[in-house]
Amino acid sequence: MLNQEVYDKVVATFEAKFGAKPAKVAYAPGRIEVLGNHTDYNEGFVFSAAIDKGTFFAASPADDDKITLVALDMDETYEVELSAVAPVKSGMTWANYPLGTFNWLFEGRPTEANLGFKAVFGGNIPLGAGLSSSAALEMATVLALQKIYGTSFGRTELAKIGQKAEHTFAGCPCGLLDQASSLYGKAGALVKSDFRSNEFETVNLGDKVAFMMVKSNAKHALVDGAYASRRQACEDAAKYFAGVLKKGGVTHLRDVTAAEWILYRGGLSETTAKRAIHPIGEDERVLQGASLLAKGDLKGFGALMYDSHESSRNWFENSCEELDAIVDAAKAIPEVYGARLSGGGFGGSCCLLVNPAAADKIAAQISKEYKAKFGDEPVCSVIQPSDGAHLV
Ligand code: GLA
């Protein structure tokens, strides 16, 4: 089993803490975002993959109305009664992910669960790297709790439960990308998502390429308002285009083309116009990328990843010096086909499409250049696209 050691540790801790084996254990991976940035809440397209690192959530029903959550990696325990389930504002804020997920599994009426549960969770996704450790925790939680409470939501509904936990408990107005990628991932494949129809298909990659995540040491925090302000600008722009475009049917930036943006951008503020072209361009790049992948053109696909980063850097302004330096260093290495920031931005990691045979050379070269600029080293790891969340 992938990440067997983490599983063993989670289960052993559960037994030590609660004196019996867990009734259910679920596993959910993190994700990398490969192409299509900030398109999910604009009802657009994304290429992503589930990664080979994830979170295990081991749980059993309680015999009273108490919820006990043990965070293995933090060595902390959070306890609450069903009637008191609410967002945690300070201290053990990690509890918001499992707690919010549980809350929305019962559509915001946790007391209807009747009995609480006890759980231990732990994983090996680096935190703050933009690999969606929080979505992995939500998806592992919801899969295990769905079994414990006998609900029968489909996968996309489970993803939406996690998203609601983010919105209302964690305070991040995210799209559905992270949760969907964690659920729909497939070994050796990319997930191509359409966030209007919520259709998720997988596209096999073959073994000639791999991904390398390069984690900068720049802070990545999506709850400090920068993510929300970008989302707001996109929504404002969509409203404006709905008014000026005569073609009708415009509800999201998904419905606006780059040509229309060029013609009508003058009616938007400079900043809103800059924000809007990013997801519009990203949608076009994902569709173009899909036909390049179908032809096996990895270099062409990689070139779109570089364009994506340029768009982040210039238009959406969700990059930073550290991420730009990683992408610039990657461009000079022939065995890297493409590179871009991955996920929300403002820090976190870059995702590189690489020839796996040259992984060591690539990591050494990028680390050297990063160190020369910033004094410390980024963390480089080869990522294999992996299967999505499941019960163990
Ligand atoms: C974060 C959010 C996702 C998505 C990406 C950017 O990861 O959680 O919903 O918007 O940023 O594409």
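Here is a walk through the ligand site of this model and the pocket around it. The model is predicted, so to speak of local features pLDDT must be at least 70, side-chain atom pairs count only at pLDDT 80 or more, and totals for chains, interfaces and linings use all residues. Residues are numbered from 1 along each chain as its sequence is written, and side-chain values use heavy atoms, with hydrogens and water left out.

Start at the ligand. There are 13 residues around the ligand, and Glu33, His38, Asp40, Asp178 and Tyr227 come nearest (a residue is near if one of its heavy atoms lies within 4 Å). By class, this shell has 4 nonpolar, 5 polar and 4 charged residues; here Ala, Val, Leu, Ile, Met, Phe, Trp, Tyr, Cys and Pro count as nonpolar, Asp, Glu, Lys and Arg as charged, and the others, Gly among them, as polar.

Now look at the ligand's oxygen atoms. A polar side-chain atom of Asp40 sits 2.6 Å from one oxygen atom. From the backbone, an N or O atom of His38 lies 2.7 Å from a ligand oxygen, and an N or O atom of Gly344 lies 3.1 Å from a ligand oxygen. On its own the ligand has 310 Å² of accessible area (Shrake-Rupley method, 1.4 Å probe), and the protein covers 98% of that.

Of its 49 lining residues, Tyr97, Gly128, Ser132, Ser133 and Ser134 are closest to the centre. Elements that give two or more residues to the lining include strand 1 (24-35), helix 2 (96-105) and helix 5 (177-184), while helix 3 gives the most, with 4 residues. The lining has 23 nonpolar, 19 polar and 7 charged residues.

Technical notes. Polar contact = N/O pair within 3.5 Å; in protein donor to acceptor, adjacent residues only side chain to side chain. 1 Å grid on protein atoms, 1.4 Å probe; cavity = no way out; pocket = protein on both sides within 12 Å on 5 of 7 lines; lining within 4 Å.
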